[in-house]
Amino acid sequence: MARIAVVGSGYVGLCTGTILADLGNEVVGIDIDSAKVAGLQAGKCPIFEPGLEEILERNVNAGRLSFTTDYSDAIPQAEFVFICVNTPSGAHGGADMSAVWSAARSVGGSLVPSSSRTIVINKSTMPIGSGDFIASLLTETARSGGAFAVVSNPEFLREGSAVQDMLHPDRIVLGSSDRLAAERVAELYRSFAAPIIVTDLRTAEMIKYASNAFLATRISFINEVAQICENLGADIRQVSLGMGLDRRIGPQFLNAGIGFGGSCFPKDVRALEYMAEDAGCHPQLLRAVLEINRDGRRRFVRKLNNLVGSLRGSTIAILGLTFKPDTDDLREAPALDIVRDLLARGATVRAYDPVAMDYARELLPTVIFCEDVYEAVWQADAAALITEWNEFKGIDFERVRTRMRRPILIDGRNLYDPEVMAALGFVYRGIGVPAVAVPYDPDMYHEATAPASFLKL
C-alpha cells in the first residue's frame with residue numbers, strides 16, 4: 001500500500017484522503033488550521049457529508065489516517081502528495097491560486113533526496129497551465145536531490161454523494177508530461193471499475209472546467225425554458241421528461257429550479273470565462289449561463305413580491321438554506337441572495353434548514369431561525385421552498401396552512417404537486433409550472449384573512 005500526504009482537509013482533501021485510507025493506504029492529512037486538525041485526529045468530521053464521518057473515524061482508529069499542521073511530518077515519507085486546497089473566485093472572476101502556490105512551495109521545501117520520485121498530484125480545480133507553474137515552483141524550492149513529477153487528477157465529487165463518487169467514479173482523469181508518473185497514480189485507483197483517461201496536463205485541467213461549465217449550462221438552459229413555459233402556459237416538468245427521453249440529451253440536470261450554487265459551478269464557470277477572455281476568446285455562452293443563474297434568484301423574489309402584494313412589512317418563511325440537500329455548504333447558495341433581497345425590501349424572514357443553521361446565523365444575523373418547518377411558517381404571509389431536503393417531502397401541509405397568515409407557497413424546486421397543493425387551500429407557484437386557480441373559501445384558511453388583492457390571484 002502507498003504512503004500518501006493530502007494537503008488541505010477541506011471538502012475535497014478530506015473525502016480523498018479518507019477514502020484512500022479506507023482502501024488500505026497510509027494517509028497523512030495536512031492543514032494549517034490547528035483546531036480542525038485536533039478535531040480530525042479525534043475522528044470528528046468538520047463537514048456534513050453522508051457516510052464520511054463513519055469512514056473517517058474508522059480509519060483514524062485503525063491508524064491508517066492521521067493529521068498534522070507540519071509539512072515535514074508528512075511530505076518526506078510520502079510517495080504521493082495530493083494538493084487539495086481551495087481555489088475560490090478572485091476579484092475579477094479568475095481563480096485565486098494563493099493557497100495553491102503556498103502549498104506547492106511548502107511541499108517543495110519539504111522534499112528530500114530519495115531513490116524514487118515524489119508524485120505531486122493536483123486535485124484542486126486549477127486554471128489551465130497550473131501544473132506547469134507548480135512544477136516550476138517545486139523546482140525552485142526543492143532541496144538538492146529532491147526528485148518529483150506533477151500529475152493533474154481533477155476531482156468530480158458531488159456534495160452529498162462524495163463517498164459514492166469516490167468509490168464509483170464515472171471516469172478518472174490523469175494529465176502529465178511524464179507517462180510513468182501518471183501510470184503510478186493510476187495504480188492508486190486500480191480497485192475502481194472506471195475508465196482512466198491519461199492525457200497532458202493542460203487537457204486534464206480543461207476537462208474539469210469544461211465538465212462543470214457544461215452541467216451549469218444545462219441547468220441555466222432548462223431554467224430559461226421554464227421561464228418561457230410560465231409565460232406561455234406550458235409545463236416544464238413534462239417538457240423536461242420529453243427532452244430527457246431523447247438518448248442524445250438524457251434526463252440529468254434538467255430539473256427546473258432557482259439555479260445552481262455551491263463551491264464548484266459558479267466559480268468554475270467564472271474562472272473559465274476569465275481564462276477564455278484572457279486568451280482572446282469571446283465566451284458569450286458562459287456569460288449567458290451566469291446571467292441566467294443570477295436572474296433566477298431575482299425573479300424568484302419578484303414572484304414572491306407579486307403574490308404577497310408588497311414585501312415591506314410581510315413575513316416570509318424560508319425552507320432550506322444550503323445550495324442542495326445532504327450538505328451543510330452555504331457557498332454561493334441561492335437562499336443567501338434571496339434572503340438578503342427579501343430583507344432589503346423590508347420583509348421579516350423566518351428560516352429553517354435541517355443542518356446549516358449554525359453557519360447561516362453568522363451570515364444572516366437578522367433572520368429569525370426556527371426549530372422546524374412549523375415554527376418557521378408561523379404567521380407567515382408566504383412560504384418559499386429553496387432546498388429540496390427529504391424532510392420537506394413529508395410536511396403536514398394542513399398544519400402548515402393553519403399556522404400561516406396567508407396560504408401562499410412558492411416552490412423553488414418543483415417538489416410538490418400543484419393540484420394537490422391547490423386542493424389543500426394554497427396559492428401555489430412552482431418554476432415553469434402553470435398556476436392552478438384556487439377557489440376562495442375563508443373557512444379553509446382558519447386564522448388567515450385574505451385581503452382583496454390576494455383574491456385576484
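1. Aromatic cluster. In this predicted model, F253, F260 and F265 are linked into a cluster by ring pairs. The count of aromatic pairs comes to 8. In the pair of F260 and F265, the ring centres are 6.1 Å apart and the planes stand at 75 degrees, so this pair is edge-to-face. F260 has a relative accessibility of 4% and counts as buried. F265 is buried as well, at a relative accessible area of 13%.

2. A further ring pair. F397 and F426 also form an edge-to-face pair, with 5.6 Å from centre to centre and 85 degrees between the planes. This pair links distant parts of the chain, the two residues being 29 residues apart. F397 belongs to helix α15 (residues 397-403), while F426 sits in the loop between α16 (418-423) and β14 (427-429). F397 and F426 are both buried.

3. The sheet that includes β14. Six strands form an open sheet with parallel pairing, in the order β11-β10-β9-β12-β13-β14. The edges are taken by β11 (368-369) and β14; each has a single partner strand, so one side of each has no neighbour in the sheet. Within the sheet, β12 (residues 382-385) and β13 (residues 408-411) pair in the parallel sense through 3 bridges.

4. Most residues other than glycine have a negative phi. Two residues of this model are worth checking against that background. D326, in the loop between β9 (315-319) and α12 (334-344), has a phi near 65 degrees. The relative accessibility of D326 is 32%, so D326 counts as partly exposed. N414 lies in the loop between β13 and α16, and its phi is near 50 degrees. At 15% relative accessibility N414 counts as buried, whereas D326 is partly exposed.

5. Helix α7, buried side. The buried residues of α7 (residues 179-188) include A181, A182, V185, A186 and L188. Viewed down the helix axis, the buried residues fall within an arc of 145 degrees, and therefore line one face of α7. The cover over these buried residues includes the strands β1 (3-7), β4 (80-83), β5 (118-122), β6 (148-152), β7 (172-175) and β8 (196-199).

6. R179 and L180 are exposed, on the face of α7 turned away from its buried side. L180 also takes part in a contact at the start of the helix: a side-chain oxygen of D178 comes to within 3.1 Å of the backbone nitrogen of L180.

7. The strands on either side of α7. β7 and β8 run parallel and are joined by 4 bridges. The chain passes from β7 through α7 to β8 in a β-α-β crossover, which is right-handed. For a residue-level check of the pairing, the bridge partner of I172 is I196 in β8.

8. Helix α3. In α3 (residues 52-62) the buried residues are L52, I55, L56, N59 and V60. These cover an arc of only 130 degrees around the axis, which puts them on the same side of the helix. An asparagine, N59, is among the buried residues, while another, N61, is exposed together with E54 on the other side of α3. The buried residues of α3 pack against α1 (11-22), α2 (34-41), β3 (65-68) and α6 (162-167). Just after the helix, G63 has a positive phi of about 85 degrees.

9. Surroundings of S124. This serine lies in the loop between β5 and α5 (130-141). With a relative accessible area of 9%, S124 is buried. A polar atom of the S124 side chain lies 2.6 Å from the backbone oxygen of V85. Leaving aside residues up to four places away in sequence, S124 touches I83, C84, V85 and T87.

How values were computed:
Residues numbered from 1 in each chain as written. Predicted model: local features only at pLDDT ≥ 70, side-chain atom pairs only at ≥ 80, totals over all residues. Heavy atoms only, no water. Buried < 20%, exposed > 50% of the residue type's maximum accessible area, 1.4 Å probe, protein only. Arc of directions from axis to C-beta. Contact = heavy atoms within 4.5 Å. Polar contact = N/O pair within 3.5 Å; in protein donor to acceptor, adjacent residues only side chain to side chain. Pairing = 2+ DSSP bridges. Right-handed = clockwise from strand over helix to strand, strands pointing away. Phe/Tyr/Trp six-rings, centres within 6.5 Å; stacked < 30°, edge-to-face > 60°.
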